[in-house]
Structure formats: C-alpha cells, structure tokens
Amino acid sequence: MTDYYRVCPKCKNKIEPGDVFCASCGERITYGKKKSNSSDETQELTANYEWFKQENQLVD
C-alpha cells in the first residue's frame, strides 16, 4: 500500500494533515481553498505567521 501525503511547495518537506504552515520553512500551506481578500483573515494569518517565525527562529 502506498502512503500518500502532501509536500511543501517551497522546500518539498512532508506536510502533516491540517498543517497551516510548513514546519521546516514556514511556507503557508493552502488546501484548494479560494484565496480571500478579507482584512480580518489577512491580519490573523499575519499574526499566526509572525508567531510561527518567532517560535521557530526563522528569518525572512
């Protein structure tokens, strides 16, 4: 039986189901959802990404 899984579009590392950001490089993972221009969603994603970068000591 073959195991199917997603990979990060940026670094190609394995992405676990439900991940929002790649644990390796911090790339935002999308799951076929249409991108929204909602200001609230953008602010929430930015805050989540900034937290992720700080927790994983990433640099832009």
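**Salt bridge**

I started in helix α1, where E50 and K53 sit 3 residues apart, so about one helical turn separates them. I take helices (H or I, at least four residues) and strands (E, at least two) as DSSP runs, numbered from the N terminus. This is a predicted model, so I kept to its limits: local features need pLDDT of at least 70, side-chain atom pairs count only at pLDDT 80 or more, and totals for chains, interfaces and linings use all residues. Residues are numbered from 1 along each chain as its sequence is written, and side-chain values use heavy atoms, with hydrogens and water left out.

What joins E50 and K53? Their side chains meet in a salt bridge, 3.4 Å from N to O. My cut-off for a salt bridge is a side-chain nitrogen of Lys or Arg within 4 Å of a carboxyl oxygen of Asp or Glu. Searching the whole structure gave me 1 salt bridge.

Next I looked up burial (buried is under 20% relative accessible area, exposed over 50%, partly exposed in between; 1.4 Å probe, protein chains only). E50 is partly exposed at 40%, while K53 is buried at 10%.

**Aromatic pair**

I then went after rings of Phe, Tyr and Trp (its six-membered ring), which pair if their centres lie within 6.5 Å; planes under 30 degrees apart count as stacked, over 60 as edge-to-face and the rest as tilted. By this rule I get 1 aromatic pair. It is F21 with F52: the ring centres are 5.7 Å apart and the planes at 25°, so I noted the pair as stacked.

Where do the two partners lie? F21 is in the loop between β2 (14–15) and α1 (39–56), and F52 is in helix α1, so the pair ties together parts 31 residues apart in sequence. Both F21 and F52 are buried.

**Cysteines**

How many disulfides does the structure hold? I found 0. C8 is in no disulfide, and its nearest cysteine sulfur, that of C25, is 3.6 Å away. The cut-off is a pair of cysteine sulfur atoms within 2.5 Å. C11 has its closest cysteine sulfur in C22, at 3.6 Å, which is too far for a bond. As for burial, C8 is buried at 0% relative accessibility, and C11 is partly exposed at 27%.

Last, I checked K12. Its phi is positive, about 70°, although K12 is not a glycine. I place K12 in the loop between β1 (6–7) and β2. Is K12 buried or exposed? At 55% relative accessibility, K12 counts as exposed.
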